[in-house]
Amino acid sequence: MRTTPSPRTGLLAVVVTAVLWGTTGTAAAAASVGPLAIGAAALGIGGLLQAAVAVGPLRRARPVLRRHLGLVLLGGIAVAVYPLAFYSSMHTAGVAIGSVVSLASAPLASGVLERVVDRRPLGRAWAAAAALGVLGSTVLCLSGVDSGHGSTDAPVGTDPGSGGTVLGILLGLVAGVTYAVYSWAAHRLMVVGAGRAASMGAVFGTGGVLLLPVLLLSGGAFLTSWTNVLAGLYLALVPMFLGYLLFGIGLATIRPSTATTVTLLEPAVATVLAVVVVGERLTAPGWAGLACIGVALVLLVVAPVARPARS
């Protein structure tokens, strides 16, 4: 008999996901390719792999998925748009601004979806954790490290002008909202009975198919060197494929608003890697930002974790 993971296990799975996502900056910076190619390769290939490992569950869940085709398409479109907007935001507006807007807006958008669409109260623990997480991520990304590179959770960006900054902020908002939307859509499919593997496979497989044309048009740069090839494979297989397998376990046991809040740990992991691996030094405000994110995570761990409601 298959046992359902506990909410605490789901929370831990999302923490591990955030750690894996925190390594994407190092890998993406090693690849000399554009943001569209990076996004399309990472979630395009990763999404198709999600569908490939869920062939059996997808077949069994076909009636449920057909009844809720709108959710599948909504989630798939959001999966396709998210990486293109996310990496383009940081390339256009700069790493710090793009990171802050994209990552900080996601849990807020997720909370609005749950409150307005699902009509579910969010709770004081989530509100406090989200506020601390957003504050910590903002301080961390904007404070940067002593070398002046800023947050490392992204490919190296350009020096944007005012127009580039505005466009980057808008792209970051698109990234945050689409992240919240596909998390919510996958969770809703689980709630209506599609199952974890089928829900993730359907949503991310659809997104992967939609990203294929972008990958074909922009992904040629990955073939110009073995470094680019290895970086692309790492991004697709580890933070995207394995990371989203774990993220699916989290969505099956905790609410999307909680999951997206936990993944605010991602820039903290990226910064720690910059300090430990690259040898950069974190500024005092950066340490304060890390502390805020740590407190937010503790709040989510010690607060009562309820299973998602079932329809």
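Leaving aside its neighbours within four places in sequence, which residues is Val33 in contact with? They are Ile38, Ala221, Phe222 and Asn228, where contact means heavy atoms within 4.5 Å. The legends below start with the whole chain and then visit this spot and several others.

This is a predicted model, in which local features need pLDDT of at least 70 and side-chain atom pairs count only at pLDDT 80 or more, while totals for chains, interfaces and linings use all residues. Residues are numbered from 1 along each chain as its sequence is written, and side-chain values use heavy atoms, with hydrogens and water left out.

**Overview. The protein chain has 14 helices and zero strands.**
Helices (H or I, at least four residues) and strands (E, at least two) are DSSP runs, numbered from the N terminus. Of the 311 residues in the chain, 55% count as buried; buried means under 20% relative accessible area, exposed means over 50%, and partly exposed is in between (1.4 Å probe, protein chains only). Among contacts in the chain with a separation of 6 or more, 90% come from residues 24 or more positions apart.

**View 1. Val33 sits in the loop between α2 (24-30) and α3.**
Welcome back to the residue from the opening question. Val33 has a relative accessible area of 14% and is therefore buried. Gly220 is 187 residues away from Val33 in sequence, yet the two are 8.8 Å apart in space, C-alpha to C-alpha.

**View 2. Helix α1 (residues 7-21) packs with helix α11 (residues 226-253).**
The angle is about 155° and the axes are 7 Å apart. Axes here are lines fitted to C-alpha atoms, for helices over the stretch in contact, and angles run from 0 to 180 degrees between N-to-C directions. The two helices are therefore roughly antiparallel to each other; angles over 145 degrees count that way, those under 35 as roughly parallel, 65 to 115 as roughly perpendicular, and the rest as oblique. α1 passes α11 in a left-handed crossing, a term for a near helix turned anticlockwise from the far one by less than a right angle, with clockwise giving right-handed. On the α1 side, look for residues including Pro7, Val14 and Trp21, and on the α11 side for residues including Val238, Tyr244 and Thr253. By class, this contact of α1 with α11 has 14 nonpolar, five polar and no charged residues. In this scheme Ala, Val, Leu, Ile, Met, Phe, Trp, Tyr, Cys and Pro are nonpolar, Asp, Glu, Lys and Arg are charged, and the others, Gly among them, are polar.

**View 3. Helix α10 (residues 196-218) also crosses α11, at roughly 125°.**
The axes of this pair come within 10 Å. That angle makes α10 oblique to α11, and the crossing is right-handed. Arg196, Met200 and Phe204 in α10 meet Tyr244, Leu245, Gly248, Ile249, Leu251 and Ala252 in α11. These residues divide into seven nonpolar, one polar and one charged.

**View 4. Helix α3 (residues 35-52) meets helix α6 (residues 69-93), their axes crossing at roughly 145°.**
The axes come within 8 Å, and the crossing of α3 and α6 is right-handed. Pro35, Leu36, Ile38, Gly39, Ala40 and Leu43 of α3 make the contact with Val79, Tyr82, Pro83, Leu84, Tyr87, Ser88 and His91 of α6. The class count for this contact is ten nonpolar, three polar and no charged residues.

**View 5. Arg255 and Glu114 join their side chains in a salt bridge.**
The N to O distance is 2.8 Å; a salt bridge is a side-chain nitrogen of Lys or Arg within 4 Å of a carboxyl oxygen of Asp or Glu. A search of the whole structure finds one salt bridge. The partners are 141 residues apart, with Arg255 in the loop between α11 and α12 (256-262) and Glu114 in helix α7 (residues 95-116). Arg255 counts as buried at 14% relative accessibility, and Glu114 is buried with a relative accessible area of 1%.

**View 6. Ala185 belongs to helix α9 (residues 162-191).**
Ala185 is buried, with a relative accessible area of 0%. Leaving aside neighbours within four places in sequence, Ala185 is in contact with Leu71 and Gly75. From Ala185 to Leu73 the C-alpha to C-alpha distance is 9.2 Å, across 112 residues of sequence.

**View 7. Ala125 is found in helix α8 (residues 124-143).**
With 31% relative accessibility, Ala125 counts as partly exposed. The C-alpha atoms of Ala125 and Thr258 are separated by 9.8 Å, although these residues are 133 apart along the chain.
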